[in-house]
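Subject: Structure for your files

Hello,

My notes follow below it.

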Amino acid sequence: MGKRKILFLCTGNSCRSQMAEGFAHQMGWDAYSAGTKPEIDVNPFAIKVMSEIDIDISNHIPQSVNEYLDKNFSIIATVCNNAHETCPVFTGSSKHQIHHSFEDPANAIGSDEEITEVYRRIRNEILNWMLKLTGEFY
């Protein structure tokens, strides 16, 4: 049957959806991510905490959800409430649309180490969710 195809949606496509895409690739998915209002670059803290566990997302580029509206996916997963509420209509097909809101680590304040800790926590939450998702749907 080939790899299951998944699209992660967020607002900026610079943190949560990028980390989820990185995990999904590692777990064997055909994975993509996009944002309703994409940022210019992937957040450096997201790159850092993923590299700590040997997943390189430094070459990822935030994409607009508009690029994927006519594509077919096994799963479209929103990872923040804003993307869930403002998600456009897809003309492609998807077997499942799921939602799990993660705290936005880009809102973290404090020293670099304190901010990094927030990113690590969100990274680990996304990892646990992806392991569950892979068990359910892959």
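V118 is found in helix α4, where helices are DSSP runs of H or I of at least four residues, strands are DSSP runs of E of at least two, and both are numbered from the N terminus. V118 is buried, with a relative accessible area of 17%; buried means under 20%, exposed over 50%, and partly exposed in between, using a 1.4 Å probe and protein chains only. Leaving aside neighbours within four places in sequence, V118 is in contact with E103, P105 and A108, contact being heavy atoms within 4.5 Å. From V118 to H96 there are 22 residues in sequence and 29 Å in space, C-alpha to C-alpha.

Before the rest, a note on what you have. This is a predicted model, in which local features need pLDDT of at least 70 and side-chain atom pairs count only at pLDDT 80 or more, while totals for chains, interfaces and linings use all residues. Residues are numbered from 1 along each chain as its sequence is written, and side-chain values use heavy atoms, with hydrogens and water left out.

The chain as a whole

The protein chain has 4 helices and 4 strands, and along the sequence they follow the pattern β-α-β-α-β-α-β-α. Its radius of gyration is 14 Å, close to the 14 Å that the globule rule gives for 138 residues, so the chain is as compact as a globular protein of that length. That radius is taken over C-alpha atoms, and the rule is 2.2 Å times the number of residues to the power 0.38. The C-alpha atoms fill a box of roughly 45 × 30 × 25 Å along the principal axes.

Of the 138 residues, 50% count as buried. Among contacts with a separation of 6 or more, 68% are between residues 24 or more positions apart. The accessible surface is about 7,000 Å², and 49% of that belongs to carbon and sulfur atoms; the areas come from the Shrake-Rupley method with a 1.4 Å probe, and for residues only the protein chains shown count as cover.

The chain carries 12 positive and 18 negative side chains, with the centres of the two sets 8 Å apart. Lys and Arg count as positive and Asp and Glu as negative, with His and the chain ends not counted; each charge is placed at NZ of Lys, CZ of Arg, CG of Asp or CD of Glu.

Helix α1 and what follows

Helix α1 spans residues 16-26 and is mostly covered, with 9 of its 11 residues buried. The buried residues include R16, M19, E21 and F23. As a group, the buried residues of α1 pack against β1 (5-10), β2 (30-35), α2 (44-51) and α4 (112-137).

M27 sits in the loop between α1 and β2. Beyond its neighbours within four places in sequence, M27 is in contact with L127, M130, L131 and T134. After α1 comes G28, whose phi is positive, near 100°.

Two other positive phi values

Most residues other than glycine have a negative phi. N13 is not a glycine, yet has a positive phi of about 55°. N13 is in the loop between β1 and α1 and is buried, at a relative accessible area of 0%. D54, also a residue other than glycine, has a positive phi near 60°. D54 lies in the loop between α2 and β3 (73-78) and is exposed, with a relative accessible area of 71%.

Strand β2

A34 lies in strand β2 and counts as buried at 0% relative accessibility. A34 and L7 are 27 residues apart in sequence and 7.4 Å apart in space, C-alpha to C-alpha.

Aromatic rings

How many aromatic pairs does a search of the whole structure find? There are 6. Rings of Phe, Tyr and Trp (its six-membered ring) pair if their centres lie within 6.5 Å; planes under 30 degrees apart count as stacked, over 60 as edge-to-face and the rest as tilted. The rings of F102 and W129 have centres 5.4 Å apart and planes at 70°, so this pair is edge-to-face. F102 lies in the loop between β4 (94-99) and α4 and W129 in helix α4, so the pair ties together parts that are 27 residues apart in sequence. F102 is buried at 3% relative accessibility, and W129 is buried at 10%. Ring pairs link F8, F102 and W129 into a cluster.

Regards
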